[in-house]
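Subject: A structure to look at

Dear colleague,

Please find the structure we spoke about below, followed by some notes on what was found in it.

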Amino acid sequence: MKPDEIYNNPDNIVMVKTRGNEIHVICSKESQMEGVVKRLTTPNCKLMAYEEWDEDDDKKWLLTFLVAGDDYELNPELN
């Protein structure tokens, strides 16, 4: 994937955008999230954030992945 690119077509199942070392994926169904996380999670790509948008039929799920080298540690935010 190229940095700062939007990979969207009208017939895409999910929408994908890159920004620097982040990959943003918008899922239109909750059931899509598991497949996206399985495909994108690697030793150098980790799920960094999850967010729900809207409600009812318009509900979307935004997943943000961080792409980094082996020496980078991703620590969860604690409340």
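**Salt bridges and their surroundings**

Glu 52 and Lys 59 are joined through their side chains in a salt bridge, with 3.0 Å from N to O. Please keep in mind that this is a predicted model. Of the two partners, Glu 52 is partly exposed at a relative accessible area of 41%, and Lys 59 also counts as partly exposed, with 24% relative accessibility.

The count of salt bridges comes to three, and another of them links Arg 19 to Glu 22, whose closest N and O atoms lie 3.2 Å apart. Here Arg 19 is partly exposed, having a relative accessible area of 46%, whereas Glu 22 is buried, because its value of 17% falls under the 20% limit for that class.

There is also a salt bridge between the side chains of Glu 34 and Lys 38, at 3.7 Å from N to O. These residues are about one helical turn from each other, because they sit four residues apart in helix H1, which covers residues 30-40. Both ends are open to the surface: Glu 34 is exposed with a relative accessible area of 55%, and Lys 38 counts as exposed at 63% relative accessibility.

As for the chain as a whole, it contains one helix and five strands, and their order from the N terminus is β-β-β-α-β-β. Of its 79 residues, 23% are buried.

Which residues form the negative surface patch? The patch is made by Asp 54, Glu 55, Asp 56, Asp 57 and Asp 58. One of these, Asp 56, belongs to the loop that runs between strand S4 (45-53) and strand S5 (60-67), and Asp 54 is placed in the loop between S4 and S5 as well. Asp 54 has a phi near 60°, which is a positive value in a residue other than glycine, and Asp 56, although not a glycine, likewise has a positive phi of about 60°. Asp 54 is exposed at 55% relative accessibility, and Asp 56 is exposed with a relative accessible area of 69%.

Finally, a word on the cysteines: how many disulfides does the structure hold? The number is zero. Cys 27 counts as buried, at 0% relative accessibility, and Cys 45 is buried too, with a relative accessible area of 6%.

With kind regards

Conventions:
Residues numbered from 1 in each chain as written. Predicted model: local features only at pLDDT ≥ 70, side-chain atom pairs only at ≥ 80, totals over all residues. Heavy atoms only, no water. Disulfide = S-S within 2.5 Å. Buried < 20%, exposed > 50% of the residue type's maximum accessible area, 1.4 Å probe, protein only. Patch = residues over 30% accessible without salt bridge, like charges linked within 9 Å, V, L, I, M, F, W, Y side chains within 5 Å. Areas by Shrake-Rupley, 256 points an atom, 1.4 Å probe, with all protein chains shown as cover. Salt bridge = Lys/Arg side-chain N within 4 Å of Asp/Glu carboxyl O. Lys, Arg positive; Asp, Glu negative; His and termini not counted. Charge placed at Lys NZ, Arg CZ, Asp CG, Glu CD. Helix = DSSP H or I, 4+ residues; strand = E, 2+ residues; numbered from the N terminus.
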